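Reader: I'm new to reading protein structures. Could you walk me through one?

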Amino acid sequence: MASSHGAEVLVASNRGPVSYTADDSGSLRAKRGGGGLVSGLSAIGPDAGSVWVCAALSDGDREAARRADGGLLPAEDTGGQRVRMLDIDAEVFADAYNGIANSVLWFVHHMLYQTPLEPVFDAEFRRQWASYEVYNRAFAEALAHEAAEGAAVLIQDYHLALAPRMLRQLRPDLRIGHFSHTPWAPPDYFRLLPDDIAAELLTGILGADRAAFLTQRWADAFTECCHAVLGPGIPSGTRIGVHGLGADADFLRERAHEADVDERMAALREEIGEGRRTVVRVDRTELSKNIVRGLLAYRQLLDDHPKWRERVVHLAFAYPSRQDLAVYRDYTAEVQRVAEDINARYGTADWRPVVLHVRDDFARSLAAYRLADVALVNPIRDGMNLVAKEIPVVSDEGCALVLSREAGAYEELGEDAIVVNPYDIRGTAEALHAALGMPAGERAERSKRLAAAATALPPAQWFLDQLRALDAQSS
């Protein structure tokens, strides 16, 4: 397949760096996004000939994709970044994104199934899988169309596990990398999938020259799955890499001291009350984030150590995620129910034990980071968890980190965190007690070391390292 635009560097991901909304007149308004990929791609500069291929996620996105000149969105909307947004059939997208990516692959890699009842891989699953193949093929064809001879292509995440192999078949000249931002399931759990589907996912990623992961643990799990499902060795010659994405310290520290963050800090201090300690968590209401058990552990802390009553407040920011799926709506409701129960049980006229916010507000999140005495990060399983890295970077006085051993960040931060089994309520309560009682000097020193480890591979460097690894492999 011949190249149309001749991009030298390409990124592919489900979500792109810009989104669109349409007003009543039909005019489109663009909103630029953030995150590690956006920061990373900007590091190569505007003259690198890069293109970002992503899916249209909303009606506004789909309209922008239809209006795009030559398939590429207007540069003024995208900060100068060339972006191709794919107008994939809405039903195909829903099947691929909600039916397979978020309801199967996410559940497998985060080990979330209640196995007496699920998963059920029936005819409906097979129908949705066919859409997942169509979705991946659309990306592969777009990348093949946009890429120059020998270009570097970095394909992102579980949404696009089949795309590397498909792209390799279309354009064998390309240097292809795939990066997994999630954990990777161990072989016994991965093999819940039908044998042919498990093999397709693995061989899809093995179409890349390099398959990269956030930690060595996830990289090893992928290799073990390849051996268990496909047989010994990696016959494609795919190299396995590890790139532990870090926090963007310069951006966070600058943004955390802007006026709107100061305003949120003042409001939070009023909610907390004078002289009280803070336990901070900031998460989406994603099932793997383990928010409910975190609240139960805080309740156990108040039960087992009454001295903390009226002396500590749990700032719990739980921003609704994937509310188009019933299981996520139910989980969000349970988070709210448990928080309300704690406040009803222990609250007094001038003390609310849990301050819960469910409306996403980045400035307020940064304000909470700055106020944190203790950061609670207790996921069931997480590819990395950037919140664990961001809070020590931003905290004004230094914070103690209570960290799940199942977070990818444990590999880098475990030495200076208080590490917990995320299923152990009493153990987590005792960790919170130890964190709240940690002497200020020790807390500040640990926080400095945590911040240094957390920023060792900032987004721009993380992205460039992957490009250099692809270059080195081809030379």
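Predicted model: local features only at pLDDT ≥ 70, side-chain atom pairs only at ≥ 80, totals over all residues.

Reader: How do I read a sheet, to begin with?

Author: In general, strands of a sheet pair through backbone hydrogen bonds, either parallel or antiparallel. Here, six strands line up as E12-E11-E10-E13-E14-E15 in an open sheet, and the pairing is parallel.

Reader: Which are the edge strands?

Author: Strand E12 (354-357) and strand E15 (418-420), since each pairs on one side only. Going from one strand to the next, the twist averages 20 degrees.

Reader: Over how many bridges do strand E14 and E15 pair?

Author: Three bridges, in the parallel sense, with E14 covering residues 400-404. Take serine 404: its bridge partner in E15 is valine 420.

Reader: And what does helix H10 touch on the sheet?

Author: Helix H10 (residues 259-272) touches strand E10 (277-284), strand E11 (312-319) and E12, and its direction makes about 130 degrees with that of E11. Helix H11 (residues 291-304) lies across E10, E11, E12 and strand E13 (374-377), and runs at about 170 degrees to E11.

Reader: Okay, now the core. Which residues have the most contacts inside the largest nonpolar core?

Author: Trp184, Phe190 and Leu201, in a core of 164 residues. Helix H3 (residues 90-110) gives the largest share of this core, eleven residues.

Reader: What is phenylalanine 190 in contact with, leaving aside its neighbours within four places in sequence?

Author: Its contacts include Trp184 and Leu201, along with Val108, His109, Cys225 and Val229.

Notes. Residues numbered from 1 in each chain as written. Heavy atoms only, no water. Core = buried A, V, L, I, M, F, W, Y, C linked by side-chain atoms within 4.5 Å. Buried < 20%, exposed > 50% of the residue type's maximum accessible area, 1.4 Å probe, protein only. Helix = DSSP H or I, 4+ residues; strand = E, 2+ residues; numbered from the N terminus. Contact = heavy atoms within 4.5 Å. Pairing = 2+ DSSP bridges. Axes fitted to C-alpha atoms, helices over the stretch in contact; angles between N-to-C directions.
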